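Reader: Hi, could we walk through this one together? I'd like to start with how you define your terms.

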Amino acid sequence: MSIATFTAATGVIPSQSAAATVAPATAPVSFHGVWVPLVTPFNEDGPDLAAVRRLVRHYVRAGVDGLVVCGSTGEAAAMDEYEQLTVLDTVLDEAGALPVVMGLAGNHQRDVLRRLAVFATRPLAGLLAPAPYYVRPSQASLRAYFEALAEASPAALLLYDIPYRTGAQLDVATLLQLADHPNIRAIKDCGGSIEKTQALVAHGGLQVLAGEDLHVLGTLALGGSGLIAASAHVRPDLFVALYQAMQAQQVALARQLFHALAPVMKLLFAEPNPGPVKGLLARQGMLRADVRAPMAAASAALVDQLDAAVAELDRRYPLA
């Protein structure tokens, strides 16, 4: 979508520089607890905004601590700018006081800063930014990139360490340097290294949120602040209970809940995310199972397995 088309569609003039005027930042948010990285429901016309609202209401009622819009689970890479902004505005309108973080990915720094300026006109709790993908910058370049985003944003920057998607490894030393920036507040930890997780938690400069679903209990046990987990689309109330149990030092209860949730977590990633979670939510009447090419919908056999696993979870922990 061209800048002119985007402006006409949204009524917002996208900035051409990081120095553009942006809306004042909202009050600082603590990035703790259970955050759901929302899937983006689609229909034949584009994002299904009625289904977006239905999802947001569901997770607000479940007591989650925040929502992430247009992350990797939200298929942001398959959406144009207008679609992303439309979904963001719909979520913000429905979420009320619940904090919302917006995904911000790319490998063209000037364009990323331009989109940041557009998103920053909204009352966001933060922006979730991965390393620039494909180009594989050096550690010094990665640090400069994230610092440029943090300095341009009125909302907090959350680092998204996910090297298997970006091809860029964020070293512990680089992350600890970035933690010194006053506007870099948290990290979604998908780095896959328990040593890195431990170092980040022990340092204390960033709130560490588990981004790998099966690492949730371990990260919380180390002292992590919460989780951003696609699996929390399913029985979010149990994820909230797990987090609250860890905060209350009820480790046996948290462990019990985690082991009950683990079979569902594993199945949700048996085929590429977000196909399985969308397939399950479609069976539950929340949305259509549509994903955008080149992604493919989950197989019917996997969704059957998920249905059975969730039925067992519901039997053990009946919905209130």
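Author: Happy to. Buried means under 20% relative accessible area, exposed means over 50%, and partly exposed lies in between, with a 1.4 Å probe and protein chains only as cover. Helices (H or I, at least four residues) and strands (E, at least two) are DSSP runs, numbered from the N terminus. This is a predicted model, where local features need pLDDT of at least 70 and side-chain atom pairs count only at pLDDT 80 or more, while totals for chains, interfaces and linings use all residues. Residues are numbered from 1 along each chain as its sequence is written, and side-chain values use heavy atoms, leaving out hydrogens and water.

Reader: Thanks! Why is helix H12 said to be largely enclosed?

Author: Because seven of the nine residues of H12 (275–283) are buried, the rest of the structure largely encloses this helix. The buried ones are Gly 275, Pro 276, Val 277, Lys 278, Gly 279, Leu 280 and Leu 281.

Reader: And what covers the buried residues of H12?

Author: The cover includes strand S2 (42–43) and helices H2 (49–62), H11 (251–268) and H13 (300–316). Just after H12, Gly 285 has a positive phi of about 80°.

Reader: Switching topic: which residues does UniProt list for "binding site"?

Author: The unreviewed entry lists Thr 73 and Ile 228. They are spread over 156 residues of sequence but cluster in space, with a largest C-alpha distance of 10.6 Å. UniProt positions are given in the numbering used here, with shortened feature names, and annotations may be inferred rather than shown by experiment.

Reader: Nice. Is Thr 73 buried or exposed?

Author: Thr 73 is buried, at 4% relative accessibility. It lies in the loop between strand S4 (66–69) and helix H3 (81–95).

Reader: What about Ile 228, where is that?

Author: Ile 228 is in strand S10 (226–228) and is buried, with a relative accessible area of 1%. Beyond its neighbours within four places in sequence, Ile 228 is in contact with residues including Trp 35, Pro 37 and Lys 188.

Reader: Last one: where is Val 135?

Author: Val 135 is in the loop between strand S6 (126–130) and helix H5 (139–152). Val 135 is partly exposed, with a relative accessible area of 46%.

Definitions and conventions:
Contact = heavy atoms within 4.5 Å.
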